[in-house]
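Please work through the exercises below with the sequence and the structure at hand, trying each task before reading its solution.

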Amino acid sequence: MSGNGGPSLMDSLFQRTLEDLIKGIRLHLPGAGQSSFISKSLDEIRREIKSTDLQTKSTAVQKLTYLHSLHGVDMSWAAFHAVELTSSPLFIYKKTGYLAASLSFRPSTDVLLLLTNQLRKDLSSTNQHEVSLALECLSVICTPDLARDLTPDIFTLLTCGKMFIRKKSIACLLMIFGQYPDAVRVCFKRLVENLESSDNAQTLAATVGVFCELASKEPRSYLPLAPEFYRILVESRNNWVLIKVLKIFMHLAKLEPRLAKKVVEPICDHMKRSEAKSLVFECVRTIVSSFYEYEFAVKLAVAKIREFLLDSDLNLRYLGLQGLLLVAPSHLWAVLENKEVVIKSLSDVDQNIKLEALRLVMSMVSDNNVVEICRVLIGYALKSDPEFCNEILRSMLSTCSRNVYEIIIDFDWYVSLLGEMARIPHCQNGEEIEYQLIDIGMRVKDVRPELVRVGRDLLIDPALLGNPFIHRILSAAAWVSGEYVQFSRKPFEIMEALLQPRTNLLPPSIRSVYIHSMFKVLSFCLHSFLLPEKGVNTSLSNFDDIEPGFTYSESEQEFTEPDHATRSSTFQKSDTFMLESIDNVLTQLITSLTPLADNHDVEIQERVRNVLGLAQLAQQEISCHHDLKEKMVDKVNLKTSIIINIINDALLEDFGPIPFSAQERVPIPDGLVLEENLSKLDSICADVRLPKSESFCLIKPVLLPTDGDSNSNQQNEEESGTAVESTSLLAEHRKRHGLFYLPSNDKKIASSSFPPANDPNQRDNDVEDLVKLTEESLVLKRKPNLSRPRPVVVKLDEGDRHPITVKKTDENEDLISGAVRDVLLGTEASLHSNISSSRRKGKSHSKVNMENSETGNSSKRRSKHRDHGKNVEDRDENSEKGKKKSVGRHKARRRADGDGVVVVQKPIIPDFLL
Amino acid sequence: MGIRFILMVNKQGQTRLAQYYEYLTLEERRTLEGEIVRKCLARNEQQCSFVEHRTYKIVYRRYASLFFLVGVDNEENELAILEFIHLLVETMDRHFGNVCELDIMFHLEKAHFMLEEMVMNGCIVETSKNNILAPIQLMDKAS
């Protein structure tokens with residue numbers, strides 16, 4: 001409605017000023033009232049902005065800029081009006097125009113091209129404030145086109161006599177370089193000259209800032225400038241500049257170790273002398289991340305860190321912790337010296353400080369103290385808010401599982417710790433715990449009895465079923481209890497737990513794991529009932545007397561037996577009792593599963609039917625013999641027994657982790673051409689679509705969708721269980737491809753005096769406690785009296801889940817320089833795409849040559865005012881050349897990259913500082 | 001790029017000044033500001049002034065009813081940024097005389113002007129209050 005009519009005189013006369021607009025917005029409450037006011041004002045603005053009167057237009061743009069920047073109103077439509085204002089001869093309008101442009105223009109704004117001429121005009125203006133406006137605007141909205149067109153103007157300004165202008169043009173360069181890399185060739189020399197002219201502090205800050213940014217992206221090119229940076233480091237008294245120079249050295253030192261010797265001294269001087277905490281902290285950071293080999297420097301840095309840690313200022317304490325974290329990889333003693341503070345910080349009010357402290361505590365963990373530290377941390381987790389509690393659990397889980405549970409010696413303890421974690425009310429790490437429970441089960445044979453015990457404890461607790469966060473853990477517990485049921489003291493108890501009514505709270509995917517575990521438990525019970533092994537069961541009495549918390553000796557003893565014996569040896573019962581209880585179990589199973597046989601979830605339905613089928617068959621046959629209690633000799637010949645025997649054989653097979661590359665290792669048989677004919681086949685049976693491996697599709701990866709190995713195990717497992725026929729196939733497969741499965745490790749069992757994994761009496765968690773224990777385990781390096789050696793952990797040579805490498809400091813160098821190179825290549829590629837490269841190539845070649853020939857001149861020119869160094873001159877000239885060369889080369893590499901040919905050139909590092 | 005954005009936000013979480021040194025769309029800005037404001041304003045005096053958010057580190061400080069939030073990249077020196085915030089406030093104080101939220105609201109252009117003198121491209125280029133304020137004083141005289 002308003003857009004069409006031109007602005008009337010009334011509009012101009014009674015135009016709302018910016019102040020009116022702000023007051024108006026303040027009068028309206030946020031919400032509908034305010035937004036309707038804003039849209040009304042926008043209508044006005046749309047009208048006013050078309051005015052020929054600059055005052056009216058400027059006010060309109062001002063108001064629009066305000067709305068855009070604080071109320072998120074789109075103003076891209078007004079871009080042209082902003083450009084119009086910039087061309088006004090009046091500074092005040094020009095300013096409004098430029099501000100609007102710099103706040104609202106985006107790289108795609110089409111009127112940017114219109115701005116080019118105006119910018120050029122203003123850049124060469126005699127009024128320094130107009131130049132400054134143009135520079136500031138350019139530094140924000142610069143595009144490759146603008147940068148290319150305006151590079152000559154900036155080049156001129158770099159030697160401008162007015163420092164006010166010069167510093168801004170230097171700061172603007174960074175943006176120009178980023179948008180238009182060829183500008184480096186034109187302007188770099190002048191930038192370096194500004195670095196060298198130590199006379200004015202104003203431009204130095206800008207220059208160093210630009211170099212700091214450039215060096216952080218690709219430090220190698222700036223190595224030749226090291227002497228200049230060194231001079232600034234020693235001479236400058238401006239903390240802002242010093243901080244930036246320190247950052248530059250942090251990058252350079254990684255490339256040129258010889259720099260360190262020279263630079264460490266002055267950095268330490270600053271650290272000792274400076275009053276400014278920011279500078280001191282920057283020195284600390286530089287020392288501990290780049291110069292950690294210099295013992296005296298690190299000592300000094302750690303002393304400073306300690307001052308920070310003990311300061312009353314929270315910010316300093318936070319930074320102190322961060323500093324410690326940086327030292328930790330190379331100098332763990334520094335953390336130990338300050339461990340009281342670190343541990344105290346675990347209960348700080350500030351989340352950020354707590355997190356840093358937690359990271360530090362985790363950095364102290366080793367195989368000697370992991371038990372104690374985890375005990376204390378669990379205590380903290382119970383006390384903390386949910387968020388931090390989970391953070392603690394997460395870091396414990398990831399630290400303990402690092403490198404295939406490298407630091408865990410006592411797996412029984414660890415497994416029960418996992419069980420304990422599940423019971424922490426806020427625990428939300430179900431997925432990870434689930435993964436680890438199953439992973440450990442497959443990798444560490446010795447821990448299976450304890451694993452089953454932990455699983456049982458989790459399963460029988462009905463309260464846990466109500467917490468959706470730990471459903472995943474329950475799924476793992478169910479799988480473990482089914483898979484390793486032979487280690488269970490009371491299989492019936494597990495069956496009851498799996499059948500409890502509250503399991504209907506579980507999602508279908510997990511319920512089907514439950515049901516499949518029932519199948520395994522049932523077949524195990526039937527097997528031990530129908531086909532008991534003779535001879536092994538004499539030593540044990542009725543297992544009802546044995547508490548779940550029992551001695552470990554039996555399970556160990558069992559363990560030494562061959563596998564099939566183990567299956568039944570735990571399960572000792574007199575036949576009469578067995579018969580009753582088996583009968584009970586079957587009845588119970590059938591009653592509770594029958595309603596599920598029509599479940600909508602196919603997964604559940606199918607599995608339930610499998611279990612029911614087996615259970616009903618068994619019930620029939622067993623109840624037939626019910627009367628003949630004493631005459632169970634023919635049990636072996638029952639139909640059930642035969643089936644059970646087959647099933648049990650299938651279930652008996654132990655699943656180990658399979659490496660991801662297992663498939664690749666299967667040799668292709670002679671004469672089999674995999675890729676041939678398939679296309680023809682496709683056209684032949686276009687309508688006879690074979691259901692491709694349907695059995696696999698139906699079975700969802702229930703347990704671990706993220707994990708390859710265990711998934712395939714799981715699937716294999718399920719297949720074998722659900723379809724009896726497949727058993728033989730599986731066995732066949734195993735026989736043929738046995739070599740691709742990991743060999744099951746021979747079990748070496750040591751003494752059995754195993755301390756209870758988690759003594760409830762030891763649960764007090766004092767700060768002193770942890771302090772003391774870290775002292776013991778870390779300072780004295782005292783090995784705990786291990787009652788038994790670390791069990792065998794099946795490891796794959798490749799393809800394990802987290803190939804985490806513990807970052808050692810010596811690796812850091814490679815990693816970082818590699819990353820920097822990556823970043824560089826990445827950005828260059830993108831930069832390059834902006835430039836039509838092929839055409840410009842020839843040109844730039846000649847340019848480089850020109851520059852190289854110019855180098856001589858420039859260093860001569862410089863020598864006039866640079867005679868204070870004793871014998872700096874020669875070296876300097878070298879360095880100047882070296883630098884030019886390396887810049888030229890840098891360019892050359894850039895071009896090469898653009899063409900897809902990476903020219904690897906050895907960096908020449910001149911000996912400046914030695 | 002050291003500084004990536006500067007925000008001034010009042011106690012109610014309303015943005016009073018926003019200066020970005022990298023291009024974000026309006027929508028991205030609004031989400032980012034919302035997240036940061038929620039995170040930082042929930043913190044109290046007993047908590048430190050540094051917050052990590054996405055790829056940014058946010059250094060903030062509260063002066064009276066106004067929060068000054070500066071988003072920097074992870075390499076930046078936190079304490080230096082705190083000093084920068086203080087310098088910014090002192091500079092504004094000198095110009096407005098005990099600066100308050102309303103001063104910044106009604107003189108947004110000037111506030112941006114001061115920032116432009118101090119920071120370009122995310123680099124701190126000027127730290128002398130006299131130098132920062134010189135152009136503005138000239139402008140005030142002229143008008």
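Predicted model: local features only at pLDDT ≥ 70, side-chain atom pairs only at ≥ 80, totals over all residues.

Residues are numbered from 1 along each chain as its sequence is written, and chains are lettered from A and ligands numbered from 1 in the order in which they are written.

**Exercise 1.** Find how many residues of chain A are in contact with chain B, and sort them by type.

Solution. Start from the rule that two residues are in contact if their C-beta atoms, placed from the backbone, lie within 7 Å. By this rule, 41 residues of chain A are in contact with 33 residues of chain B. Next, sort the side of chain A that touches chain B, which gives 21 nonpolar, nine polar and eleven charged residues; here Ala, Val, Leu, Ile, Met, Phe, Trp, Tyr, Cys and Pro count as nonpolar, Asp, Glu, Lys and Arg as charged, and the others, Gly among them, as polar.

**Exercise 2.** Determine how helix α6 (residues 91-104) and helix α8 (residues 128-141) of chain A are placed relative to each other.

Solution. Helices (H or I, at least four residues) and strands (E, at least two) are DSSP runs, numbered from the N terminus. The axes, which are lines fitted to C-alpha atoms, for helices over the stretch in contact, with angles from 0 to 180 degrees between N-to-C directions, come within 9 Å and cross at roughly 10 degrees.

**Exercise 3.** Describe the make-up of chain B, and decide how far its helix α4 (residues 108-118) is enclosed.

Solution. Chain B has five helices and seven strands, which follow one another along the sequence as β-β-α-β-β-β-α-α-α-β-β-α. A residue is buried if 20 or more other C-beta atoms lie within 10 Å of its own, exposed if 12 or fewer, and partly exposed in between, with C-beta atoms placed from the backbone. Of the 143 residues in chain B, 42% are buried. In α4(B), nine of the eleven residues are buried, so the helix is largely enclosed by the rest of the structure; among them are H112(B), F113(B) and E116(B).

**Exercise 4.** Work out how strand β1 (residues 3-10) and strand β2 (residues 15-20) of chain B pair.

Solution. Strands pair if DSSP finds at least two bridges between them, and β1(B) and β2(B) pair in the antiparallel sense over five bridges. Within this pairing, M8(B) stands opposite L17(B) in β2(B). The hairpin has four residues between the strands, and in it G13(B) takes a positive phi near 90 degrees.

**Exercise 5.** Is T55(B) buried or exposed, and where does T55(B) lie?

Solution. T55(B) lies in the loop between β3 (50-53) and β4 (56-63) of chain B. Counting neighbours, T55(B) has 9 C-beta neighbours inside 10 Å and so counts as exposed.
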